[in-house]
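Open your viewer and get ready to click. This tour tells you what to select at each stop and what you will find there.

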Amino acid sequence: MAESFDVIVIGGGPAGYPAAIRAGQNKLSVACIDEWRNRDGSYAFGGTCLNAGCIPSKALLESSELYHRTREEFAVHGIKVSGVSVDVAQMQKRKAGIVKTSTQGILALFKGAGVTPLQGHGKLLPGRRVAFTGADGATRELSAKQVILASGSVPVELKSAAFQAPHIVDSQGALEFDSAPKRLGVIGAGVIGLELGSVWRRLGSEVTVLEALPEFLGIADQQLAKEAARHFKKQGLDIRLGAKVTGAKVVGDAVEVSYEDAKGSHSLTVDRLVVAVGRRPFTRDLLANGTGVELDERGFIKVDHQCRTGAEGVWAVGDCVRGPMLAHKGKEEGVMVADLIAGRYGEVNYKTIPSVIYTAPEIAWVGETEEQVKASGRAYKTGVFPFLASGRARAMEQAQGFAKVIAAQDDDEILGVHIVGPMAGELIAEAVLAMEYSASSEDLQRTIHAHPTLSEAVHEAALAADKRAIDSLNR
Ligand code: FAD
Ligand code: NAD
């Protein structure tokens with residue numbers, strides 16, 4: 001007889017593993033199947049995020065930022081340093097250690113929650129049966145009352161610049177360079193292009209970013225995007241907008257890239273090229289015929305607002321379904337589904353999912369951009385507070401950027417908060433909480449913020465929405 005569980009989760013990334021843990025906490029018998037393999041062939045839970053995404057990228061962003069600040073900012077603090085140099089091998093070793101601790105931590109969490117880890121491939125069969133193929137190649141059949149699909153996403157490949165490691169690589173390849181390429185090309189000025197472009201720029205690469213769209217960071221509030229673009233330019237990131245890549249070929253140890261923009265055809269020679277033009281849902285060999293689970297025209301698994309697929313007792317969460325491809329979005333979906341399965345309350349508020357880009361300065365937002373609010377026709381007011389006016393930011397030598405609050409004119413509801421500046425990714429949490437509770441800008445205005453902290457910028461931006469900021473000129 002098939003081994004049976006209350007819940008089987010296929011995919012152990014940031015959407016799948018939290019679903020399994022919450023199902024275990026809900027006293028359900030649960031197995032989590034994951035097939036991720038490292039370059040050395042070893043299995044690891046954690047998916048893209050822990051193995052080749054969020055965590056390794058943040059490790060390198062931190063190391064490269066420290067190097068940059070040591071060289072460029074210590075002198076003004078009165079700290080004299082000489083002979084500062086980079087050991088990329090040590091940076092990579094540190095990164096690998098952090099990844100290993102994080103991924104092994106999941107096994108410990110599974111043990112604590114009573115989750116059965118199964119490392120290998122999972123395929124959904126009709127009737128909530130799952131074919132599991134382990135490392136030895138043997139396949140056995142499992143069955144479950146409920147199945148959660150969390151198979152994630154993979155990088156989009158461009159026909160005009162097909163991957164050809166080590167010269168033309170995806171984000172995982174770009175996290176693994178053993179030295180800073182002298183000339184680095186990046187296709188796509190999105191989140192990955194900006195984060196990984198920043199890492200290698202700080203470590204010495206000349207970085208050119210080719211972006212197809214004519215406007216920079218079109219998904220962000222444009223006041224924020226303009227401010228960020230100014231800083232990236234100062235840092236030496238050469239971002240070329242409206243650039244359509246027509247070809248890329250490896251010649252010797254370099255890559256010749258051709259692209260077109262409004263001014264005509266151009267070519268660019270780089271030592272390494274990173275293709276970062278988005279990710280697509282991954283569902284290869286996940287679904288047998290007759291499961292009743294459907295994909296949409298872009299390959300995402302079709303789900304309702306609570307992540308139910310069209311098949312009874314089959315759910316899907318994370319990057320393989322609609323919505324932003326973010327680890328925290330997938331996590332909340334996984335937890336919601338595991339709670340709904342257990343008959344508990346579960347909900348994801350898609351309106352308050354924060355976005356963070358971990359560059360320096362950081363970029364973070366939640367809710368609507370000013371362009372979106374304007375298009376909605378609702379009357380609104382904005383308040384902007386520059387970090388230049390923040391004592392803490394000045395003391396940190398990081399008085400760049402601003403916090404911006406957008407609130408409705410009629411009932412003062414906060415509609416969006418946009419921050420570019422130091423620790424923006426941490427500061428945005430206050431705005432998320434405020435919006436989760438449908439706070440007004442007056443609620444933020446009347447909340448006491450410790451002095452001197454960066455969070456005062458959010459407080460003052462809320463005050464500025466009513467022209468009542470104390471520490472800035474309310475422009
Ligand atoms: P994944 O993390 O892709 O995990 C899916 C897992 O399922 C994988 O382990 C896969 O091997 C496994 N799997 C798939 N099919 C099967 C099968 N049939 N059988 C068994 N196993 C299967 N997001 C953020 O929120 N913050 C960040 O800072 C951030 N940084 C990023 C940096 C980079 C360079 C990249 C590439 C991404 C980053 N992301 C970030 C995005 C984030 O990594 C994804 O949104 C997140 O990993 C999605 O989680 P998931 O569980 O849906 O999918
Ligand atoms: P993205 O969607 O953020 O950016 C892709 C960029 O490439 C866009 O600006 C797009 O206009 C451009 N582009 C598309 N086709 C192009 C072409 N042919 N030539 C030139 N430019 C082209 O995608 P990404 O940076 O690859 O990241 C993938 C996903 O991973 C994102 O959805 C993101 O949410 C997630 N991610 C999140 C974080 C974070 O939260 N900090 C970090 C990294 C990745």
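Start with ligand 2 and Glu-211. An oxygen atom of the ligand sits 2.6 Å from an N or O atom in the Glu-211 side chain. Keep in mind that this is a predicted model.

Next, select Ala-212. One of its backbone N or O atoms is 3.1 Å from a nitrogen atom of ligand 2. Then pick Met-325. A polar backbone atom of Met-325 lies 3.1 Å from an oxygen atom of ligand 2. On its own, ligand 2 has 840 Å² of accessible area, and the protein covers 74% of it.

Now show the shell around ligand 2. It holds 19 residues, and among the nearest are Ile-192, Glu-195 and Gly-278. Colour the shell by class: 13 residues are nonpolar, three polar and three charged. Which helix gives the largest share of this shell? Select residues 191–202: this is helix α6, and it supplies three residues.

Move to ligand 1. Select Lys-58: an N or O atom in its side chain is 2.7 Å from an oxygen atom of ligand 1. Select Asp-319: a polar backbone atom there is 2.9 Å from a ligand 1 oxygen. Go back to Met-325. A polar backbone atom of this residue is 3.2 Å from an oxygen atom of ligand 1. Ligand 1 taken alone exposes 1000 Å², and the protein buries 94% of that.

Last stop: the shell around ligand 1. Elements giving two or more residues to it include β2 (30–34), α3 (54–72) and α8 (327–341). The most come from α2, with four residues. By class, 16 are nonpolar, 16 polar and five charged.

Notes
Residues are numbered from 1 along each chain as its sequence is written. Chains are lettered from A and ligands numbered from 1 in the order in which they are written. This is a predicted model: local features need pLDDT of at least 70, side-chain atom pairs count only at pLDDT 80 or more; totals for chains, interfaces and linings use all residues. Side-chain values use heavy atoms; hydrogens and water are left out. A residue is near a molecule or strand if one of its heavy atoms lies within 4 Å of it. A polar contact is a pair of N or O atoms within 3.5 Å; within protein, one must be able to donate a hydrogen and the other to accept it, and residues adjacent in sequence count only if both atoms are side-chain atoms. Accessible areas come from the Shrake-Rupley method with a 1.4 Å probe; for residues, only the protein chains shown count as cover. Ala, Val, Leu, Ile, Met, Phe, Trp, Tyr, Cys and Pro count as nonpolar, Asp, Glu, Lys and Arg as charged, and the others, Gly among them, as polar.
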